[in-house]
Amino acid sequence: MLASLLGNPAVMIMTVGALVGIAATLVGTFLVLRGTSMLSDAISHSIVFGIVIVWLLTHQQSGPVQIVGAALTGILTVFLTELLVNSKRVKQDAAIGLVFPLLFSIGVLLLNLYAGNVHIDTHTVLLGEIGFVWLDTVTLGGYEVPQSLLSMGAMTLLNALFVGLLFKELKLATFDAALARALGFAPGVLFYALLLLTSGTAVAAFDAVGAVLFVAFVIVIPSTAYLLTDRLALMLAIGVAVSIASSICGYGLAVRLDVSIGGMMAAMTGVFLLLAFLFGPRYGLVAQARERRRQRHLNESRNLAVHLYNHEGEPEQGEENVARALREHLLWSHERSRRAILQALDAGHIQRQGELLQLTATGREVAREILEPGRR
Amino acid sequence: MSLAVLLNDYTLQNVVMGALLLGAISGVLGSFAVLRKQSLLGDALSHAALPGVCLGFIIAGSREMGSIMAGALGSGAGAALMVLLLTRYSRLKTDAALGIVLSTSFALGVVLLTFIQSMNNASQGGLDSFLFGQAAATLRSDLVVMAAVTALALTLVALLWKEFKLVCFDPGFARALGMPVLLLEVILTVMIALAVVVGLQMVGVVLMAAMVIAPAVAARQWSPRLEVMVPLSAAFGMAAGVCGALVSTLGRGLATGPLIIISVSVFVIASLMLAPRRGLLWEAVSRLRRRLRHQQLLTTLHRLALAHGDSHFRSEQGLLDGYHGTHTRSAMKRLAQRGLVARHERYWMLTDAGHEEAANILARMEGRVT
């Protein structure tokens, strides 16, 4: 059973894709919430440098040494960026954009020069080869386990442990760094640990999705979740769900259209983000438009109540408090005044007396609350 | 290969001209982007060019520069619009919006790229080179398109110079003057997409971000004036472009993009170190000189006090200025802050701590001499 699952390329590819998404979401959520998600872009580019250096030194293409060594390059990127910013010569965004292209360039050139016989060429650097993850296996407990599955599984577990054990601390440091510092936590150290894990995840995911597509998993999936909920735990859960969905849909579409699997998985995260952006229950564009319309209608009926109240009992009441006056004096369209009157009738704010629109006690209360707030 | 042969080499001429064009446009437009704190927008726009390149290729059916550039410009503008929409109409912050647009459009580009490859089109060759750039593949006809785009962008900057300057430094004031600020910002953003389009062939979409940022950052170190910074930035961009492109053409097999980025990074590091007043080395030197001035003043006061046999001897400000041949007021004030001298109207005297410090300095100097 397990052996047949492990031997099934489609299952392996989708599992690795989902694991990349899940591991990336666990760390990416906090980066997105802190507003430092572009650091993940910088990190995922500059680990290319680290991977090449580690390979040149140890001739190891994967495994813990590779992950730790290359992950340190990610930290180096962040450190250099902060160094530039602290020199007060360069703004934060420009500093990010200066450091990672340099490291990435050196990495690519070293590849050009020395890597005639390595599995990583410049094409893989960018795109990864998730379609081939099931080819590169190691034997573990009698089973042939794909190397990528192993490293991604380990990184996912590590990230989950980190987030699970330090959930409260991470939450505090993300939303109120000043309070965290005052309480004696070290939000800076926590943040660096988070970035180290991000780099490690990027390295582990490198074979599968490459340097640039990894960014989609780190930033887009947590952003999608962020558009759907306000609760941190729920955000992580939604992120996991979106990761799995992107992986399965991406694989299916890619196979059908005969295109890059990793690229399609990353593109699917974008599709989910777009869906959340448009149809999110509270922050989606459609929900916002509906809320605005509700507000507008509410305003109309309140407006009507105030108008009627102002002229109630006055000599010109017969001329003002009729449907015609709404069109001629308030310059409302036929449609609008009709809607407002119907709404007010439904809500019991007014009643008809022939042509005259008469406020009820409730309607009078509404108008009074607007005109003289606080008078009870 | 002698220099004359080198200069007559067709490929080399194309490469140098392409590098010059790229340096000019990215240097000029990058200055505005960096000053408006939109450096990473260049990163997003350059990655977003990839789907446009592929679409242009699919529509034209061949590797024709005009349609590829049009596609890149279109998708770049679309990406910029998407960033704007996401930041304005959702709760996502700018960094997330940039990251989203960058990564998803790149993913889309990768999908299209593999789609083209699966079509098994014979003319697809070289589409990969847009990832990292391949200067040697530049054709004369490509150069014409690149030159036209550069000329258009530079003319726009020249015509709207005053407006762009104001939008960069004080958009609020520009709005108060009745300038169409939003339109100007849109023009600046779209022009960054233009720079990316020119850089496609030379640097590739992945590293174009640095080409927008780095020359401007280097130039900014040398001058606070936009009139100086923009031409200087263009000069840095052109110099780095030519260096990188030459190395790439001569030593076959090296991608152009990374080489250009390394050259431009060298310019940035040198500028950060050496630029007058702002440079880090400059700062170290001036700190040293300030310390020397302080030491001189202390020992002068100390010697005067010794010569008069009065440890509370008061030296006049003008006398100190004349003795050192320069204004010493600010230096004296700083010494007073450190509690080494005390002030009585226009007179200065050493405190006890000051005498001690001066004696120490003299002792050290004598120790070094003997």
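The model is predicted, with local features requiring pLDDT of at least 70 and side-chain atom pairs counted only at pLDDT 80 or more, while totals for chains, interfaces and linings use all residues. Residues are numbered from 1 along each chain as its sequence is written, and chains are lettered from A in the order in which they are written.

**Chain A**
- The secondary structure of chain A comprises 17 helices and 4 strands, taken as DSSP runs (H or I of at least four residues for helices, E of at least two for strands) numbered from the N terminus.
- Chain A is more spread out than a compact globule, because its radius of gyration is 30 Å, well over the 21 Å that the globule rule gives for 376 residues; the radius is taken over C-alpha atoms, and the rule is 2.2 Å times the number of residues to the power 0.38.
- The C-alpha atoms of chain A fill a box of roughly 95 × 50 × 35 Å along the principal axes.

**The side of chain A that touches chain B**
- In all, 50 residues of chain A are in contact with 50 residues of chain B, contact meaning that C-beta atoms, placed from the backbone, lie within 7 Å.
- Helices H3 (38-58), H5 (92-114), H6 (122-127), H10 (187-228) and H12 (261-279) of chain A each give two or more residues to this side, and H5(A) gives the most, with 13 residues.

**Chain B**
- Chain B is divided into domain 1 (3-255) and domain 2 (281-369), with bounds from an automatic or database domain assignment.
- The C-alpha centres of domain 1 and domain 2 of chain B lie 55 Å apart.

Note on methods
Contact = placed C-beta atoms within 7 Å.
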